[in-house]
Amino acid sequence: MQLYNKLSANERARIIDENPKERVTLSFYKYFSISNTSIFRDHLYISWTEMDVLGRVYVAREGINAQLSVPKEKFKLFRKSIKDIIPLKNIRLNLAIEHYNKSFLKLTIKVREKIVADGLDKMFFDVTKIGKHLNAESFNEMLKDSNTVCIDMRNHYESEIGFFKGSIKPDVDTFKDSLRAIDYQLEKNGRDKNYLMYCTGGIRCEKASAYLIHKGIKNVYQLEGGIIEYTRQVKEKQLENKFLGKNFVFDERMGERISDDIVSSCHQCGKPCDNHVN
């Protein structure tokens with residue numbers, strides 16, 4: 001039985017062009033204990049290949065992180081495949097703001113040591129003991145609080161093209177560096193502030209919130225569902241949008257437009273630009 005993709009990206013792109021069908025781009029994550037990651041990984045690959053699901057998935061003993069493209073006609077079947085896995089039964093799927101049939105060209109599911117590399121010892125802290133989740137409305141309110149320190153938990157090339165007004169955007173290349181940035185903010189601002197974090201879909205600030213809880217910080221909050229879910233709620237409830245620019249995404253689109261603001265410049269000519277290349 002084939003358990004790995006054998007086609008190149010170009011071959012997969014040609015297949016998509018020859019068999020056009022509407023696809024849904026989505027993501028989800030969950031921190032939970034997986035005893036046999038290889039068996040879990042193979043089960044997902046077999047199940048999702050049959051549905052023509054494409055995307056990038058990381059599986060580790062601490063949980064799963066998935067970014068996928070699903071045929072719209074198979075979406076209900078896909079949701080059932082998720083609900084049949086008990087720890088994922090009630091999981092929220094983050095649907096993309098902009099769907100694109102070629103957001104992913106193949107299905108890759110990899111077993112890793114961690115779903116978010118943090119550079120820390122394996123048993124350093126419990127990733128399931130997390131801060132409080134905030135919806136878009138509550139997040140906006142907390143941003144107004146002068147006692148709030150809002151930290152962008154993404155890498156510099158992500159926050160470069162879009163961010164929340166008033167947030168701290170650390171100049172970092174990895175999540176490991178982001179944790180060091182959190183330590184710096186604790187030293188700078190003290191332990192009694194409201195520490196509010198956000199990222200693309202929630203997975204990084206969830207681990208970061210557990211890191212802060214482990215350090216004994218009491219007022220720890222994160223944007224539930226990240227920028228993706230925030231944008232959906234803002235549109236649905238007609239809330240004030242406090243995000244400027246684009247939300248960087250890790251697929252062929254490389255960005256979703258959230259507001260009309262262009263907050264970055266071309267690295268070569270210096271003109272306003274927020275389109276990533278390579």
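Predicted model: local features only at pLDDT ≥ 70, side-chain atom pairs only at ≥ 80, totals over all residues.

Which strand gives the most to the lining of the largest pocket? I looked it up: strand 1 does, with five residues.

Entry, the pocket. I checked how much space lies in the largest pocket and got about 880 Å³. Its lining runs to 43 residues. Nearest the centre I found Arg56, Tyr58, Asn65, Gln67 and Phe250. By class, I noted 20 nonpolar residues in the lining, along with twelve polar and eleven charged ones.

Entry, who else lines the pocket. I listed the elements that each supply at least two residues: strand 1 (23-31), strand 2 (54-60), strand 3 (63-71) and strand 4 (94-95) from the strands, plus helix 6 (175-189) and helix 7 (203-214).

I found an open sheet of five strands, ordered 4-1-3-2-5, with mixed pairing. At the edges sit strand 4 and strand 5 (107-111), each pairing on one side only. Reminder for myself: strands of a sheet pair through backbone hydrogen bonds, either parallel or antiparallel.

Entry, strand 1 with strand 4. In which sense do strand 1 and strand 4 pair, parallel or antiparallel? I got antiparallel, over two bridges. I also looked up Ser27, and its bridge partner in strand 4 is Asn94.

How values were computed: Residues numbered from 1 in each chain as written. Heavy atoms only, no water. 1 Å grid on protein atoms, 1.4 Å probe; cavity = no way out; pocket = protein on both sides within 12 Å on 5 of 7 lines; lining within 4 Å. Points joined across faces, edges and corners; volume = space filled by probe spheres on them. Helix = DSSP H or I, 4+ residues; strand = E, 2+ residues; numbered from the N terminus. Nonpolar A, V, L, I, M, F, W, Y, C, P; charged D, E, K, R; others polar. Pairing = 2+ DSSP bridges.
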